[in-house]
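Please read the following explanation with the sequence and the three-dimensional model at hand.

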Amino acid sequence: MKLDLTDKSVLITAASKGIGFSIAKQFALEGAHVVISSSNQENVKNAVASLIELTKNEKIFGTVCNLNNNEDIINLYEFAYSKTNNVNILVNNCGGPTPGFFDNLQEEDWDYSYNQVLKSAVRLIKLVTPNMKENKFGRIINITSISVKQPVDNLLLSNTFRSGLTAFAKTISNELALHNVTVNNVAPGYTLTDRFKQLIMHKSNTQGVSYDDMVNKMCNDIPAKRFADPDEIAALVLFLASPLASYITGTTINIDGGYTK
């Protein structure tokens with residue numbers, strides 16, 4: 001099975017670490033032109049160097065982008081276009097919003113998370129779709145969460161705005177399908193990134209149990225009895241980005257080891 005992604009141009013946000021980094025790595029291994037962003041200059045510099053070393057692909061570029069800032073997003077798109085002459089594939093990814101229950105969240109938490117999760121994706125999609133429609137090819141993939149189908153306690157902001165992005169994606173997929181532009185969402189479950197390891201540590205400290213006991217406890221709720229590897233998430237993203245997935249649009253695919261009920 002050939003994914004036919006050589007020389008495709010992909011823009012991946014928040015890709016200096018975690019799932020975003022794994023997605024960038026897999027696209028680079030397929031020979032794509034890859035542009036990544038991060039909110040931290042040092043992180044994006046290190047990520048680009050690591051990706052080039054790991055994949056032997058020199059067509060990897062990175063820049064700083066605060067996804068909550070519209071000017072940064074415009075600059076990111078212009079940077080990507082200057083490096084690749086096109087953006088065939090957009091992968092919207094971002095860090096998780098602040099955890100918290102309803103009574104603990106402030107007005108600014110809601111505003112920040114709205115811009116981070118939902119508005120940033122809307123802004124980037126608005127920028128990339130004209131060329132995608134003109135070229136009669138485009139792939140838009142949003143990294144969301146299993147919380148869009150099964151809300152997670154204490155993640156109210158993520159539950160709310162990732163669900164909004166899911167509804168938005170489904171709606172615009174109907175408008176873009178005739179142009180051979182697909183829009184899909186990938187909803188990971190528990191994935192073993194550095195950030196998730198920190199979350200496990202926080203939970204273990206809060207509940208007064210060891211890290212390993214907390215891992216076992218959380219894995220017991222997953223039929224596969226383990227967490228996902230970031231490369232497993234990336235594999236699904238690459239398939240959806242390829243011409244092989246040209247008839248899949250407007251859908252949300254869980255990748256969670258069977259966790260979602």
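The paragraphs below treat the sheet, then the helices, and then a single residue.

This is a predicted model, in which local features need pLDDT of at least 70 and side-chain atom pairs count only at pLDDT 80 or more, while totals for chains, interfaces and linings use all residues. Residues are numbered from 1 along each chain as its sequence is written, and side-chain values use heavy atoms, with hydrogens and water left out.

The description begins with the sheet. Strands of a sheet pair through backbone hydrogen bonds, either parallel or antiparallel. Here, 7 strands form an open sheet with parallel pairing, in the order β3-β2-β1-β4-β5-β6-β7. Its edge strands, each pairing on one side only, are β3 (60-64) and β7 (252-255). Neighbouring strands of the sheet are turned against each other by 20° on average, direction ignored. Helices (H or I, at least four residues) and strands (E, at least two) are DSSP runs numbered from the N terminus, and two strands pair if DSSP finds at least two bridges between them. Strand β1 (residues 9-12) runs parallel to strand β2 (residues 33-38), and 4 bridges join them. Isoleucine 12 stands opposite isoleucine 36 in β2.

Helices pack on this sheet. Contact means heavy atoms within 4.5 Å. Helix α1 (residues 18-29) touches β1, β2, β3, β4 (89-92), β5 (138-143) and β6 (181-188), and its direction makes about 170° with that of β1. Helix α8 (residues 230-241) touches β4, β5, β6 and β7, with its direction at about 170° to that of β6. Axes are lines fitted to C-alpha atoms, for helices over the stretch in contact, and angles run from 0 to 180 degrees between N-to-C directions.

Helix α1 also meets helix α2 (residues 41-55): their axes come within 10 Å and cross at roughly 40°. The two helices are therefore oblique to each other; angles under 35 degrees count as roughly parallel, over 145 as roughly antiparallel, 65 to 115 as roughly perpendicular and the rest as oblique. The contact is made by Phe21, Ala24, Lys25, Ala28 and Leu29 of α1 and Ala47, Ser50, Leu51, Leu54 and Thr55 of α2.

Finally, is threonine 252 buried or exposed? Threonine 252, found in strand β7, has a relative accessible area of 14% and is therefore buried (under 20%; exposed is over 50%, partly exposed in between, with a 1.4 Å probe and protein chains only). Leaving aside neighbours within four places in sequence, threonine 252 is in contact with Val148, Lys149, Thr166, Asn185 and Ala187. Threonine 252 and lysine 149 lie 103 residues apart in sequence and 9.2 Å apart in space, C-alpha to C-alpha.
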